[in-house]
Amino acid sequence: MLERLDAPRDGVPPVVSDVAALQQVIDSFAAGSGPVAVDAERASGHRYGQRAFLVQLRREGAGTALIDPVALPDLSGLNAVIADVEWVLHAASQDLPCLSEVGLRPSLIFDTELGARLAGYPRVGLAAMVEELLGLSLAKEHSAVDWSTRPLPEPWLRYAALDVEVLVDLRDAVSAELSRQGKLDWALEEFAAVAATPPPAPRVDPWRRTSGMHRVRDRRRLAAVRELWQTRDAIARQRDLSPGRVLGDAAIIEAALAMPTALSALIALPAFNGRGARRYARQWTEAVAKARALSDADLPPQHLPSEGPPPPRVWAERDAAAAARLAASRAAMSELAGQLGMPVENLISPDTVRRLSWTPPAEINRETVQARLETAGTRPWQIALIAETLAETLQTPAPDPNANKANPN
């Protein structure tokens, strides 16, 4: 029987929103002991971007702090007293970018979600892991609410405080399981890599990630997607709304395919039945008209140039030997990951396997494969497990084109 966790043991602390209260938190956390549990709440699906609207922290001897980063956008003073302490986060790569924006940058982390993946747990969400390892039922009904709301309702704050209350105990349980499996050192290497990873660079042509792009098959309509996406983005940024609340991806694709010449024709499209779609109908019509007016030279290319290998589905036609290497390498990595009890993508990046298979070293052996893996950012623990096997699979011969032909003799 699971014990339901309904309220923080110390009650729900007040939200810290002024400099004096923040200084008290800084002093308390400086005097505390042990790791610091850290979490952040964003307003994805409600507001533009991925910034934090609440930061939660807890440390032994300091208790729980709920900080409003809108009122206090510079938390570097707090960072100064906890930066060298281990931070415990769940799915750290999701929270570290928005924490960095407010001056919170750890040097040492323990990621309970990533640790759970390496340990082979099938469900690694926070609530699932708390149930599995701590025997507690953690409510998650407020995970998708609009955290930009002010003031934040008390039930939401209770939920936020509980998230960090369980993290250190979960860290200890995950660490114990990783130690039992002989994987703790592997996990620590992974955590160090996550902590050292810089924020991602801006995407080239982010509009190409519009859902449904596979339906757009000519450059003129691609230009319409681009113009509509950029118009939507400008409106969303100006209004501080999630772009999807201004205009859905389905509407962008529908308008790009139809290329309507009049406002009335655009709003007659089925996907343009929402308030935002109609409110900015003139801007959407102008965006399509702009795409229509572009010269051929100014149309976007159908595909961006890529320095990587082509999609694997075309390998058999383009390079049968590479296709054979990829099939052998994928099978071997999947088998090894299964033996180790972890997802194959945590053992080796699928992109690294593709690149090695498409253009292997001129001389294939453990040393040359290891050098390529190191260049790709593969961690030492991973290299120790996979380099020898990949050196073998990368020598898989191309299939004999005559193998299936009838023997004339």
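Predicted model: local features only at pLDDT ≥ 70, side-chain atom pairs only at ≥ 80, totals over all residues.
**View 1. The largest pocket and its lining.** Let's start with empty space: rolling a probe the size of a water molecule over the atoms shows where it is left. The largest pocket has a volume of about 920 Å³. Its lining is made up of 28 residues, and those closest to the centre of the pocket are Tyr48, Gly49, Gln50, Pro200 and Arg203. Two elements, α3 (92-101) and α9 (219-239), each give two or more residues to the lining. The largest share, 6 residues, belongs to α3. Sorted by class, the lining holds 10 charged, 9 polar and 9 nonpolar residues.

**View 2. Helix α9 meets helix α14.** The axes of α9 and α14 (residues 281-293) come within 8 Å, crossing at roughly 145 degrees. This crossing is right-handed. On the α9 side, the contact includes Arg220, Ala223, Leu228 and Ile235, while α14 brings residues including Trp284, Ala287, Val288 and Lys290. By class, the residues of this contact are 9 nonpolar, 5 charged and 2 polar.

**View 3. An open sheet of 6 strands.** Follow the strands in the order β2-β5-β4-β3-β6-β7, and you will find mixed pairing. The edges are β2 (15-16) and β7 (109-111); each has a single partner strand, so one side of each is left without a neighbour in the sheet. Strands β2 and β5 (residues 63-67) run parallel and are joined by 2 bridges. Here, Val16 stands opposite Ile67 in β5. Helix α4 (residues 112-119) packs on the sheet, where it touches β6 (87-89) and β7, and its direction makes about 55 degrees with that of β7.

Definitions and conventions
Residues numbered from 1 in each chain as written. Heavy atoms only, no water. 1 Å grid on protein atoms, 1.4 Å probe; cavity = no way out; pocket = protein on both sides within 12 Å on 5 of 7 lines; lining within 4 Å. Points joined across faces, edges and corners; volume = space filled by probe spheres on them. Helix = DSSP H or I, 4+ residues; strand = E, 2+ residues; numbered from the N terminus. Nonpolar A, V, L, I, M, F, W, Y, C, P; charged D, E, K, R; others polar. Axes fitted to C-alpha atoms, helices over the stretch in contact; angles between N-to-C directions. Left-handed = near helix turned anticlockwise from the far one by under 90°. Contact = heavy atoms within 4.5 Å. Pairing = 2+ DSSP bridges.
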